[in-house]
Amino acid sequence: MLIFLHGTDTFRSRQQLKKMIEKFKQDRDPQGYNVAVLDCQKEEGGKVMEQILSAPFMSEKRLVVLDGFLSATGKGDLQEEILKRVQEKKLPDSAVLLFWESDLKPKTKVAKELFEKLSKEKFSQQFDALTGFKLQAWIEAEFKTRGGKINQRALQYLAQNIGSDMWRLDSLIEQL
């Protein structure tokens, strides 16, 4: 299974990533033995492939999170190998690959092909920056989730002056 989370709104995409990891642990792997989160900028290609091809330990599935795989530099061979396996459907059935990318402009041909392929997958989510009414609705929902209330003027002030910087908004909402 392939999952692709990407977009300019890294706050909401990271929240979704965290939810997916927790759901996987809750449903399939409470001990966390079968969850691997790899920073592809730092990890060697061999270690990444090892994690992808490893059999799950006392579980039927294994979750491998590839953080920044498409934007990783010096990983052309590994990207080609993954693209080939995705196209030929030669990834282990027990592997759940979750690709997380921030705002991405793929630089290499292989990364562009893989981006296009992953974008068309069933479990692909794009997180664009929120503006206008969507941003205000998100702010209001966050206040309600945390047990607070906000009046309309304060809501508009936050939306206009902070904008779509969700990390800063989260911090301000937490303080308020």
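Helices (H or I, at least four residues) and strands (E, at least two) are DSSP runs, numbered from the N terminus. The model is predicted, with local features needing pLDDT of at least 70 and side-chain atom pairs counting only at pLDDT 80 or more, while totals for chains, interfaces and linings use all residues. Residues are numbered from 1 along each chain as its sequence is written, and side-chain values use heavy atoms, leaving out hydrogens and water.

**Helix α1**
- Helix α1 covers residues 10-28, and its 19 residues should span 27 Å at 1.5 Å a residue, which agrees with the 26 Å between its end C-alpha atoms; the expected span is 1.5 Å times one less than the number of residues.
- The buried residues of α1, F11, R12, S13, Q16, L17, I21 and F24, are those under 20% relative accessible area, whereas exposed means over 50% and partly exposed lies in between (1.4 Å probe, protein chains only).

**The loop between α2 and β3**
- M58 lies in the loop between α2 and β3, and it counts as exposed because its relative accessibility is 74%.
- Phi of M58 is near 55°, a positive value in a residue other than glycine.
- S59 is found in the loop between α2 (45-53) and β3 (62-67), and it touches R28 and N34, not counting residues up to four places away in sequence, where contact means heavy atoms within 4.5 Å.

**The loop between α3 and β4**
- K89 lies in the loop between α3 (76-87) and β4 (95-101), and its phi is also near 55°, a positive value in a residue other than glycine.
- At 70% relative accessibility, K89 counts as exposed.
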